[in-house]
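This briefing is for a reader new to the structure shown below. It goes through a few local features, grouped by topic.

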Amino acid sequence: MARERLYLFDTTLRDGAQTNGVDFTLDDKVAIAHLLDGLGVDYIEGGYPGANPTDTDLFAKERGLNTTFTAFGMTRRPGRSASNDPGLAALLDARADAICFVAKSWDYHVKVALETSNEENLASIRDSVTAAKAKGREVLVDCEHFFDGYKANPDYALACARTAYESGARWVVLCDTNGGTLPHEIETIVGEVVKVIPGDHVGIHAHNDTEQAVANSLAAVRAGARQIQGTLNGIGERCGNANLVSIIPTLKLKREFADRFDINVSDAQLKALAGASRKLDDMLNRAPNRHAPYVGDSAFATKAGIHASALLKEPATYEHVPPETVGNRRRVLVSDQGGRSNLLSELERIGMAVDKNDPRVARLLDEVKEREALGYAYEGADASFELLARRILGTVPDYFDVEQFDVNVEQRYNALGKRVTVAMAVVKVKLDGETLISAGEGNGPVNALDVALRKDLGKYQKHIDGLKLTDYRVRILNAGTEAVTRVLIESEDEAGERWVTVGVSPNIIDASFQALMDSIVYKLVRSGAKA
(Lines give C-alpha, C1' and ligand atoms only; values in the text may rest on other atoms or scores of the structure.)
Protein backbone atom coordinates (compact mmCIF):
# COMPACT_ATOMS: atom_id res chain seq x y z
CA MET A 1 0.00 0.00 0.00
CA ALA A 2 1.33 3.43 -0.97
CA ARG A 3 2.22 5.66 1.95
CA GLU A 4 0.64 9.07 2.37
CA ARG A 5 2.74 12.22 2.44
CA LEU A 6 3.04 14.18 5.69
CA TYR A 7 4.38 17.73 5.56
CA LEU A 8 6.51 19.45 8.20
CA PHE A 9 6.15 23.17 8.84
CA ASP A 10 8.71 24.85 11.08
CA THR A 11 7.94 28.10 12.88
CA THR A 12 11.13 28.44 14.94
CA LEU A 13 11.92 31.79 13.33
CA ARG A 14 8.45 33.20 14.00
CA ASP A 15 6.66 31.50 16.89
CA GLY A 16 9.96 30.35 18.39
CA ALA A 17 11.20 33.93 18.37
CA GLN A 18 8.49 34.71 20.92
CA THR A 19 10.30 32.60 23.51
CA ASN A 20 11.21 34.54 26.62
CA GLY A 21 14.88 35.52 26.30
CA VAL A 22 15.22 34.70 22.59
CA ASP A 23 16.14 37.50 20.20
CA PHE A 24 17.26 36.33 16.76
CA THR A 25 19.47 38.53 14.61
CA LEU A 26 19.17 38.52 10.83
CA ASP A 27 22.26 36.30 10.58
CA ASP A 28 20.77 33.94 13.20
CA LYS A 29 17.59 33.58 11.18
CA VAL A 30 19.45 32.85 7.95
CA ALA A 31 21.67 30.27 9.69
CA ILE A 32 18.71 28.53 11.34
CA ALA A 33 16.80 28.50 8.05
CA HIS A 34 19.70 26.69 6.38
CA LEU A 35 19.89 24.29 9.34
CA LEU A 36 16.19 23.45 8.91
CA ASP A 37 16.51 23.21 5.14
CA GLY A 38 19.29 20.68 5.64
CA LEU A 39 16.96 18.55 7.74
CA GLY A 40 14.39 18.37 4.95
CA VAL A 41 11.65 20.51 6.52
CA ASP A 42 9.00 21.30 3.90
CA TYR A 43 8.01 24.79 5.07
CA ILE A 44 9.99 27.37 7.05
CA GLU A 45 8.07 30.29 8.45
CA GLY A 46 10.56 33.16 8.46
CA GLY A 47 8.64 35.78 10.37
CA TYR A 48 6.31 38.73 9.93
CA PRO A 49 7.52 41.13 7.21
CA GLY A 50 6.68 44.70 8.05
CA ALA A 51 6.38 43.99 11.78
CA ASN A 52 10.08 44.61 12.60
CA PRO A 53 13.28 45.49 10.71
CA THR A 54 14.83 42.01 11.07
CA ASP A 55 11.90 40.21 9.46
CA THR A 56 11.49 42.88 6.81
CA ASP A 57 15.19 42.55 5.85
CA LEU A 58 14.95 38.73 5.88
CA PHE A 59 12.17 38.74 3.30
CA ALA A 60 13.94 41.31 1.17
CA LYS A 61 17.07 39.22 0.59
CA GLU A 62 17.98 36.15 -1.43
CA ARG A 63 18.25 33.15 0.90
CA GLY A 64 19.22 30.22 -1.34
CA LEU A 65 16.88 27.64 0.23
CA ASN A 66 15.15 24.60 -1.22
CA THR A 67 12.24 24.74 1.22
CA THR A 68 8.98 26.67 0.88
CA PHE A 69 9.88 29.90 2.67
CA THR A 70 6.77 31.35 4.26
CA ALA A 71 5.74 34.81 5.41
CA PHE A 72 3.35 35.21 8.32
CA GLY A 73 0.81 37.95 8.89
CA MET A 74 -2.77 38.90 9.65
CA THR A 75 -5.75 38.83 7.35
CA ARG A 76 -6.98 42.23 6.22
CA ARG A 77 -8.22 44.41 9.03
CA PRO A 78 -11.99 44.65 9.57
CA GLY A 79 -13.49 47.60 7.75
CA ARG A 80 -10.68 47.86 5.19
CA SER A 81 -10.46 46.48 1.69
CA ALA A 82 -7.69 44.09 0.69
CA SER A 83 -6.24 46.80 -1.55
CA ASN A 84 -6.15 49.35 1.30
CA ASP A 85 -4.41 47.45 4.11
CA PRO A 86 -0.69 48.24 4.69
CA GLY A 87 -0.12 45.00 6.63
CA LEU A 88 -1.54 42.86 3.86
CA ALA A 89 0.43 44.85 1.27
CA ALA A 90 3.70 44.13 3.11
CA LEU A 91 2.91 40.41 3.06
CA LEU A 92 2.08 40.42 -0.65
CA ASP A 93 5.30 42.34 -1.46
CA ALA A 94 7.57 40.05 0.60
CA ARG A 95 9.91 37.66 -1.25
CA ALA A 96 8.17 34.55 0.02
CA ASP A 97 7.06 31.32 -1.58
CA ALA A 98 3.96 31.10 0.59
CA ILE A 99 1.90 33.29 2.92
CA CYS A 100 0.44 32.07 6.18
CA PHE A 101 -2.46 34.20 7.42
CA VAL A 102 -3.53 34.08 11.04
CA ALA A 103 -7.30 34.36 11.38
CA LYS A 104 -9.67 34.30 14.32
CA SER A 105 -11.87 31.21 14.46
CA TRP A 106 -13.38 31.65 17.92
CA ASP A 107 -16.42 33.93 17.86
CA TYR A 108 -15.52 35.19 21.34
CA HIS A 109 -12.22 36.59 19.97
CA VAL A 110 -13.96 38.01 16.93
CA LYS A 111 -16.19 40.01 19.24
CA VAL A 112 -13.69 40.96 21.97
CA ALA A 113 -10.31 41.18 20.20
CA LEU A 114 -11.33 42.25 16.67
CA GLU A 115 -14.49 44.09 17.74
CA THR A 116 -16.23 43.12 14.54
CA SER A 117 -18.96 40.81 13.32
CA ASN A 118 -18.67 37.13 12.52
CA GLU A 119 -19.56 37.84 8.90
CA GLU A 120 -16.87 40.52 8.52
CA ASN A 121 -14.25 38.13 9.93
CA LEU A 122 -15.22 35.52 7.33
CA ALA A 123 -14.98 38.19 4.63
CA SER A 124 -11.47 39.13 5.85
CA ILE A 125 -10.37 35.50 5.50
CA ARG A 126 -11.91 35.20 2.05
CA ASP A 127 -10.49 38.48 0.72
CA SER A 128 -6.97 37.88 2.08
CA VAL A 129 -6.68 34.37 0.65
CA THR A 130 -8.03 35.57 -2.69
CA ALA A 131 -5.52 38.47 -2.83
CA ALA A 132 -2.56 36.18 -2.04
CA LYS A 133 -3.69 33.61 -4.60
CA ALA A 134 -3.93 36.36 -7.20
CA LYS A 135 -0.24 37.12 -6.50
CA GLY A 136 0.63 33.50 -7.25
CA ARG A 137 1.43 32.55 -3.67
CA GLU A 138 0.69 29.29 -1.91
CA VAL A 139 -1.63 30.17 0.96
CA LEU A 140 -2.00 28.79 4.47
CA VAL A 141 -4.49 29.97 7.07
CA ASP A 142 -3.78 29.46 10.77
CA CYS A 143 -7.19 29.22 12.41
CA GLU A 144 -6.25 30.74 15.74
CA HIS A 145 -7.93 29.33 18.88
CA PHE A 146 -9.68 26.79 16.67
CA PHE A 147 -10.20 24.10 19.31
CA ASP A 148 -11.49 26.49 21.97
CA GLY A 149 -13.65 28.08 19.30
CA TYR A 150 -14.98 24.71 18.19
CA LYS A 151 -15.94 23.79 21.75
CA ALA A 152 -17.78 27.10 22.12
CA ASN A 153 -19.38 27.32 18.67
CA PRO A 154 -18.53 24.44 16.32
CA ASP A 155 -20.56 25.82 13.43
CA TYR A 156 -18.63 29.10 13.35
CA ALA A 157 -15.20 27.54 13.83
CA LEU A 158 -15.94 25.18 10.93
CA ALA A 159 -17.23 28.11 8.87
CA CYS A 160 -13.87 29.88 9.27
CA ALA A 161 -11.94 26.77 8.22
CA ARG A 162 -14.28 26.08 5.30
CA THR A 163 -14.08 29.69 4.09
CA ALA A 164 -10.29 29.51 4.01
CA TYR A 165 -10.33 26.24 2.07
CA GLU A 166 -13.04 27.25 -0.40
CA SER A 167 -11.22 30.53 -1.08
CA GLY A 168 -8.15 28.59 -2.22
CA ALA A 169 -5.97 28.01 0.84
CA ARG A 170 -3.64 25.06 0.32
CA TRP A 171 -3.56 24.39 4.06
CA VAL A 172 -6.08 25.11 6.78
CA VAL A 173 -4.16 24.84 10.04
CA LEU A 174 -6.05 24.14 13.26
CA CYS A 175 -4.35 25.94 16.15
CA ASP A 176 -4.50 25.00 19.81
CA THR A 177 -3.34 28.50 20.62
CA ASN A 178 -3.82 28.34 24.39
CA GLY A 179 -2.36 24.83 24.55
CA GLY A 180 -5.08 23.48 26.80
CA THR A 181 -6.70 20.88 24.57
CA LEU A 182 -6.04 17.20 25.30
CA PRO A 183 -5.17 14.48 22.75
CA HIS A 184 -8.55 12.74 22.77
CA GLU A 185 -10.26 16.10 22.17
CA ILE A 186 -7.86 16.90 19.32
CA GLU A 187 -8.52 13.55 17.67
CA THR A 188 -12.29 13.93 17.93
CA ILE A 189 -12.41 17.52 16.65
CA VAL A 190 -9.96 16.98 13.78
CA GLY A 191 -12.03 13.94 12.82
CA GLU A 192 -15.03 16.23 12.42
CA VAL A 193 -13.06 18.82 10.42
CA VAL A 194 -11.84 16.29 7.83
CA LYS A 195 -15.45 15.43 7.08
CA VAL A 196 -15.73 18.98 5.73
CA ILE A 197 -12.19 19.69 4.47
CA PRO A 198 -9.97 16.99 2.91
CA GLY A 199 -7.35 15.83 5.39
CA ASP A 200 -4.51 16.48 2.94
CA HIS A 201 -5.39 20.18 3.30
CA VAL A 202 -5.53 20.18 7.12
CA GLY A 203 -2.67 21.00 9.48
CA ILE A 204 -2.13 21.08 13.26
CA HIS A 205 -0.40 23.79 15.30
CA ALA A 206 -0.11 22.76 18.95
CA HIS A 207 1.22 24.61 21.99
CA ASN A 208 2.70 22.83 24.97
CA ASP A 209 0.93 24.35 27.97
CA THR A 210 -0.17 20.94 29.28
CA GLU A 211 2.95 19.07 27.99
CA GLN A 212 0.74 17.57 25.26
CA ALA A 213 1.91 19.37 22.10
CA VAL A 214 3.71 16.38 20.56
CA ALA A 215 0.91 13.99 21.56
CA ASN A 216 -1.70 16.41 20.20
CA SER A 217 0.14 16.69 16.88
CA LEU A 218 0.28 12.91 16.50
CA ALA A 219 -3.39 12.62 17.51
CA ALA A 220 -4.27 15.08 14.75
CA VAL A 221 -2.38 12.97 12.21
CA ARG A 222 -4.24 9.85 13.36
CA ALA A 223 -7.49 11.75 12.82
CA GLY A 224 -6.56 12.82 9.28
CA ALA A 225 -4.40 15.99 9.38
CA ARG A 226 -1.46 15.87 7.00
CA GLN A 227 0.66 18.86 8.02
CA ILE A 228 2.38 19.30 11.39
CA GLN A 229 3.65 22.66 12.61
CA GLY A 230 6.29 22.95 15.32
CA THR A 231 9.71 24.30 16.27
CA LEU A 232 13.22 23.05 16.87
CA ASN A 233 13.58 21.96 20.51
CA GLY A 234 9.97 23.00 21.09
CA ILE A 235 10.79 26.66 21.72
CA GLY A 236 7.93 29.15 21.62
CA GLU A 237 5.93 31.53 23.75
CA ARG A 238 4.89 30.48 27.25
CA CYS A 239 5.59 26.72 27.47
CA GLY A 240 6.61 26.35 23.84
CA ASN A 241 5.37 24.68 20.67
CA ALA A 242 5.24 21.10 19.45
CA ASN A 243 8.82 19.85 19.35
CA LEU A 244 9.79 18.78 15.83
CA VAL A 245 12.95 17.18 17.25
CA SER A 246 10.67 14.65 18.96
CA ILE A 247 8.06 14.47 16.20
CA ILE A 248 10.42 13.78 13.27
CA PRO A 249 12.01 10.58 14.65
CA THR A 250 8.64 9.35 15.88
CA LEU A 251 7.27 9.66 12.35
CA LYS A 252 10.36 8.00 10.89
CA LEU A 253 10.99 5.23 13.42
CA LYS A 254 7.65 4.24 14.96
CA ARG A 255 5.77 1.73 12.81
CA GLU A 256 2.30 3.20 13.33
CA PHE A 257 3.48 6.26 11.40
CA ALA A 258 6.46 4.99 9.40
CA ASP A 259 4.37 2.27 7.71
CA ARG A 260 1.66 4.73 6.70
CA PHE A 261 3.45 8.00 5.96
CA ASP A 262 6.42 9.50 4.14
CA ILE A 263 8.14 12.68 5.29
CA ASN A 264 10.79 14.66 3.43
CA VAL A 265 13.53 13.63 5.87
CA SER A 266 16.01 10.99 4.73
CA ASP A 267 17.76 8.54 7.03
CA ALA A 268 20.95 10.56 6.61
CA GLN A 269 19.14 13.78 7.56
CA LEU A 270 17.65 12.05 10.59
CA LYS A 271 21.18 11.28 11.80
CA ALA A 272 21.84 15.04 11.79
CA LEU A 273 18.95 15.71 14.18
CA ALA A 274 20.91 15.66 17.45
CA GLY A 275 23.51 17.98 15.97
CA ALA A 276 20.84 20.40 14.75
CA SER A 277 19.24 20.44 18.18
CA ARG A 278 22.57 21.25 19.85
CA LYS A 279 23.37 23.87 17.21
CA LEU A 280 20.23 25.82 18.05
CA ASP A 281 21.04 25.68 21.76
CA ASP A 282 24.52 26.98 20.97
CA MET A 283 23.05 29.91 19.08
CA LEU A 284 20.74 30.63 22.01
CA ASN A 285 23.73 30.41 24.37
CA ARG A 286 22.07 27.84 26.58
CA ALA A 287 22.94 24.33 27.71
CA PRO A 288 21.15 21.54 25.83
CA ASN A 289 18.45 19.68 27.72
CA ARG A 290 20.20 16.48 28.78
CA HIS A 291 16.84 14.74 29.19
CA ALA A 292 15.40 15.68 25.79
CA PRO A 293 13.80 12.65 24.07
CA TYR A 294 15.86 11.09 21.28
CA VAL A 295 18.66 13.72 21.24
CA GLY A 296 19.52 14.45 24.88
CA ASP A 297 22.68 13.13 26.50
CA SER A 298 20.53 11.09 28.89
CA ALA A 299 18.12 9.75 26.24
CA PHE A 300 20.12 6.54 25.86
CA ALA A 301 21.99 6.60 29.18
CA THR A 302 21.88 3.64 31.56
CA LYS A 303 23.00 3.77 35.17
CA ALA A 304 21.76 0.61 36.88
CA GLY A 305 24.20 -2.28 36.68
CA ILE A 306 21.56 -4.86 35.77
CA HIS A 307 20.45 -2.70 32.83
CA ALA A 308 24.01 -2.30 31.60
CA SER A 309 24.53 -6.06 31.75
CA ALA A 310 21.49 -6.59 29.54
CA LEU A 311 22.57 -3.83 27.14
CA LEU A 312 25.89 -5.53 26.61
CA LYS A 313 24.03 -8.64 25.51
CA GLU A 314 21.34 -6.93 23.41
CA PRO A 315 20.86 -3.11 23.18
CA ALA A 316 17.15 -3.47 22.34
CA THR A 317 16.52 -4.62 25.92
CA TYR A 318 16.61 -1.01 27.10
CA GLU A 319 16.52 1.12 23.92
CA HIS A 320 13.31 1.87 22.03
CA VAL A 321 15.27 2.89 18.91
CA PRO A 322 18.99 2.66 18.02
CA PRO A 323 20.56 5.95 19.25
CA GLU A 324 22.74 6.38 16.15
CA THR A 325 19.63 6.75 13.94
CA VAL A 326 19.12 10.25 15.37
CA GLY A 327 22.79 11.14 15.73
CA ASN A 328 22.97 10.24 19.43
CA ARG A 329 24.97 7.54 21.20
CA ARG A 330 24.58 5.01 23.97
CA ARG A 331 25.93 6.00 27.36
CA VAL A 332 26.51 3.43 30.07
CA LEU A 333 27.10 5.58 33.13
CA VAL A 334 29.84 4.86 35.61
CA SER A 335 28.88 5.69 39.19
CA ASP A 336 28.83 4.30 42.70
CA GLN A 337 25.49 2.68 41.81
CA GLY A 338 26.84 0.95 38.73
CA GLY A 339 28.71 -2.33 38.68
CA ARG A 340 31.39 -4.09 36.68
CA SER A 341 29.15 -4.30 33.58
CA ASN A 342 28.84 -0.51 33.44
CA LEU A 343 32.57 -0.11 33.78
CA LEU A 344 33.45 -2.69 31.13
CA SER A 345 30.90 -1.24 28.70
CA GLU A 346 32.25 2.29 29.07
CA LEU A 347 35.85 1.11 28.74
CA GLU A 348 34.93 -0.71 25.53
CA ARG A 349 33.19 2.40 24.17
CA ILE A 350 36.27 4.57 24.67
CA GLY A 351 38.52 1.97 23.09
CA MET A 352 40.05 0.55 26.26
CA ALA A 353 38.59 -2.94 26.32
CA VAL A 354 40.15 -5.08 29.06
CA ASP A 355 39.52 -8.56 30.33
CA LYS A 356 36.73 -8.65 32.90
CA ASN A 357 39.04 -10.49 35.30
CA ASP A 358 41.84 -7.93 35.04
CA PRO A 359 42.56 -6.84 38.66
CA ARG A 360 42.80 -3.22 37.46
CA VAL A 361 39.05 -3.26 36.74
CA ALA A 362 38.27 -3.89 40.40
CA ARG A 363 40.78 -1.20 41.39
CA LEU A 364 39.18 1.31 39.02
CA LEU A 365 35.69 0.49 40.29
CA ASP A 366 36.82 0.98 43.89
CA GLU A 367 38.49 4.27 42.96
CA VAL A 368 35.29 5.52 41.29
CA LYS A 369 33.20 4.65 44.34
CA GLU A 370 35.68 6.26 46.73
CA ARG A 371 35.88 9.45 44.70
CA GLU A 372 32.10 9.66 44.29
CA ALA A 373 31.81 9.41 48.06
CA LEU A 374 33.94 12.58 48.18
CA GLY A 375 31.56 14.34 45.76
CA TYR A 376 32.79 13.50 42.26
CA ALA A 377 30.07 12.58 39.74
CA TYR A 378 31.42 10.52 36.86
CA GLU A 379 28.02 9.67 35.43
CA GLY A 380 27.85 13.27 34.23
CA ALA A 381 31.57 13.72 33.51
CA ASP A 382 32.55 11.23 30.82
CA ALA A 383 35.90 12.85 30.03
CA SER A 384 37.08 12.90 33.64
CA PHE A 385 36.17 9.24 33.97
CA GLU A 386 38.14 8.37 30.84
CA LEU A 387 41.19 10.16 32.21
CA LEU A 388 40.84 8.40 35.56
CA ALA A 389 40.60 5.06 33.77
CA ARG A 390 43.58 5.82 31.56
CA ARG A 391 45.68 6.85 34.57
CA ILE A 392 44.92 3.63 36.43
CA LEU A 393 45.68 1.69 33.26
CA GLY A 394 48.85 3.75 32.84
CA THR A 395 48.13 5.39 29.49
CA VAL A 396 47.96 9.18 30.12
CA PRO A 397 51.15 11.05 29.08
CA ASP A 398 52.63 13.65 31.43
CA TYR A 399 52.15 16.59 29.11
CA PHE A 400 52.95 19.42 31.50
CA ASP A 401 52.86 20.33 35.16
CA VAL A 402 51.17 23.40 36.62
CA GLU A 403 53.56 24.52 39.34
CA GLN A 404 51.55 27.47 40.58
CA PHE A 405 48.55 29.64 39.82
CA ASP A 406 47.28 32.86 41.35
CA VAL A 407 43.90 34.54 40.90
CA ASN A 408 42.95 38.06 42.02
CA VAL A 409 39.64 39.88 41.79
CA GLU A 410 39.41 43.65 42.01
CA GLN A 411 36.97 46.47 41.50
CA ARG A 412 38.17 49.52 39.62
CA TYR A 413 37.09 52.31 37.31
CA ASN A 414 37.52 51.59 33.61
CA ALA A 415 38.45 54.06 30.87
CA LEU A 416 34.82 55.16 30.64
CA GLY A 417 34.67 55.98 34.31
CA LYS A 418 32.41 53.03 35.13
CA ARG A 419 33.07 50.88 38.16
CA VAL A 420 33.76 47.31 37.02
CA THR A 421 34.85 44.04 38.62
CA VAL A 422 37.64 42.20 36.82
CA ALA A 423 39.69 39.10 37.55
CA MET A 424 43.35 38.48 36.76
CA ALA A 425 45.04 35.06 36.80
CA VAL A 426 48.68 34.07 36.47
CA VAL A 427 49.67 30.44 35.74
CA LYS A 428 53.18 28.95 35.88
CA VAL A 429 53.59 25.79 33.79
CA LYS A 430 56.58 23.45 33.52
CA LEU A 431 56.87 21.89 30.06
CA ASP A 432 59.90 19.97 28.75
CA GLY A 433 62.07 21.50 31.47
CA GLU A 434 61.02 25.03 30.53
CA THR A 435 58.90 27.31 32.71
CA LEU A 436 56.08 29.15 30.95
CA ILE A 437 54.24 31.97 32.72
CA SER A 438 50.94 33.26 31.34
CA ALA A 439 48.50 35.89 32.55
CA GLY A 440 44.87 36.27 31.64
CA GLU A 441 42.04 38.65 32.44
CA GLY A 442 38.37 37.65 32.58
CA ASN A 443 34.97 38.69 33.82
CA GLY A 444 35.35 36.23 36.69
CA PRO A 445 38.11 34.20 38.36
CA VAL A 446 37.33 30.99 36.48
CA ASN A 447 37.22 32.78 33.14
CA ALA A 448 40.55 34.47 33.91
CA LEU A 449 42.12 31.17 34.96
CA ASP A 450 40.89 29.51 31.77
CA VAL A 451 42.33 32.31 29.61
CA ALA A 452 45.70 32.18 31.37
CA LEU A 453 45.96 28.38 31.34
CA ARG A 454 45.27 28.12 27.62
CA LYS A 455 47.25 31.18 26.57
CA ASP A 456 50.59 29.45 26.01
CA LEU A 457 51.10 25.71 26.19
CA GLY A 458 54.06 25.66 23.85
CA LYS A 459 54.05 22.73 21.45
CA TYR A 460 50.54 21.73 22.58
CA GLN A 461 48.96 25.07 21.70
CA LYS A 462 47.87 23.94 18.25
CA HIS A 463 45.83 21.13 19.81
CA ILE A 464 43.79 23.43 22.06
CA ASP A 465 43.26 26.49 19.86
CA GLY A 466 39.79 25.22 18.90
CA LEU A 467 38.81 24.37 22.48
CA LYS A 468 36.02 26.38 24.12
CA LEU A 469 33.98 26.06 27.29
CA THR A 470 30.25 25.85 26.62
CA ASP A 471 28.78 25.35 30.10
CA TYR A 472 29.84 25.78 33.73
CA ARG A 473 27.81 24.36 36.60
CA VAL A 474 28.43 24.58 40.34
CA ARG A 475 26.78 22.57 43.09
CA ILE A 476 27.34 22.96 46.83
CA LEU A 477 27.34 19.44 48.27
CA ASN A 478 26.87 20.22 51.95
CA ALA A 479 25.99 23.19 54.12
CA GLY A 480 28.13 25.51 56.19
CA THR A 481 31.24 27.61 55.66
CA GLU A 482 33.35 24.51 54.92
CA ALA A 483 31.00 23.22 52.23
CA VAL A 484 32.40 21.04 49.44
CA THR A 485 31.89 22.35 45.90
CA ARG A 486 31.44 20.28 42.75
CA VAL A 487 32.14 21.96 39.42
CA LEU A 488 31.11 20.49 36.05
CA ILE A 489 32.53 22.04 32.89
CA GLU A 490 31.30 21.21 29.41
CA SER A 491 33.77 21.79 26.58
CA GLU A 492 33.60 21.64 22.80
CA ASP A 493 36.30 21.38 20.14
CA GLU A 494 36.56 22.65 16.59
CA ALA A 495 34.84 19.51 15.26
CA GLY A 496 31.80 19.98 17.50
CA GLU A 497 32.66 17.11 19.86
CA ARG A 498 31.56 17.78 23.45
CA TRP A 499 32.69 16.39 26.77
CA VAL A 500 32.22 17.08 30.49
CA THR A 501 34.83 17.19 33.23
CA VAL A 502 34.45 17.43 37.01
CA GLY A 503 36.37 18.92 39.92
CA VAL A 504 35.62 18.74 43.65
CA SER A 505 37.10 20.82 46.48
CA PRO A 506 36.08 23.01 49.43
CA ASN A 507 37.52 25.84 47.29
CA ILE A 508 35.48 26.69 44.19
CA ILE A 509 38.55 27.95 42.31
CA ASP A 510 40.43 24.72 43.02
CA ALA A 511 37.44 22.63 41.91
CA SER A 512 37.18 24.71 38.74
CA PHE A 513 40.89 24.33 38.07
CA GLN A 514 40.65 20.54 38.35
CA ALA A 515 37.84 20.48 35.77
CA LEU A 516 39.73 22.89 33.48
CA MET A 517 42.87 20.76 33.63
CA ASP A 518 40.94 17.59 32.85
CA SER A 519 39.32 19.30 29.86
CA ILE A 520 42.67 20.33 28.39
CA VAL A 521 44.37 16.99 29.04
CA TYR A 522 41.39 15.14 27.57
CA LYS A 523 41.65 17.24 24.40
CA LEU A 524 45.36 16.46 24.13
CA VAL A 525 44.71 12.73 24.58
CA ARG A 526 41.95 12.74 21.96
CA SER A 527 44.19 14.70 19.58
CA GLY A 528 46.96 12.12 19.92
CA ALA A 529 49.44 14.67 21.29
CA LYS A 530 52.81 13.24 22.28
CA ALA A 531 54.49 14.02 25.60
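**Helix packing and a buried threonine**

Helix 9 passes helix 10 in a right-handed crossing, meaning that the near helix is turned clockwise from the far one by less than a right angle. The model is predicted: local features need pLDDT of at least 70, side-chain atom pairs count only at pLDDT 80 or more, and totals for chains, interfaces and linings use all residues. Residues are numbered from 1 along each chain as its sequence is written, and side-chain values use heavy atoms, with hydrogens and water left out.

Helix 9 and helix 10

- Val214, Ser217 and Leu218 of helix 9 make the contact (heavy atoms within 4.5 Å) with Ser246, Ile247, Thr250 and Leu251 of helix 10.
- By class, this contact has four nonpolar, three polar and no charged residues.
- The axes of helix 9 (residues 213-223) and helix 10 come within 10 Å and cross at roughly 40°.

Helix 13

- Leu273, Ala274, Ala276, Ser277, Leu280 and Asp281 of helix 13 (residues 273-283) are buried, that is, under 20% relative accessible area with a 1.4 Å probe, protein chains only.
- Seen down the helix axis, the buried residues of helix 13 fall within an arc of 165°, so they line one face.
- These buried residues pack against helix 1 (26-39), helix 10 (244-253) and helix 12 (267-270).

Threonine 485

- Threonine 485 lies in strand 17 (residues 485-492).
- Threonine 485 counts as buried because its relative accessibility is 4%.
- Beyond neighbours within four places in sequence, threonine 485 is in contact with residues including Val474, Ile476, Val504 and Ala511.

Notes: Buried < 20%, exposed > 50% of the residue type's maximum accessible area, 1.4 Å probe, protein only. Helix = DSSP H or I, 4+ residues; strand = E, 2+ residues; numbered from the N terminus. Arc of directions from axis to C-beta. Axes fitted to C-alpha atoms, helices over the stretch in contact; angles between N-to-C directions. Nonpolar A, V, L, I, M, F, W, Y, C, P; charged D, E, K, R; others polar.
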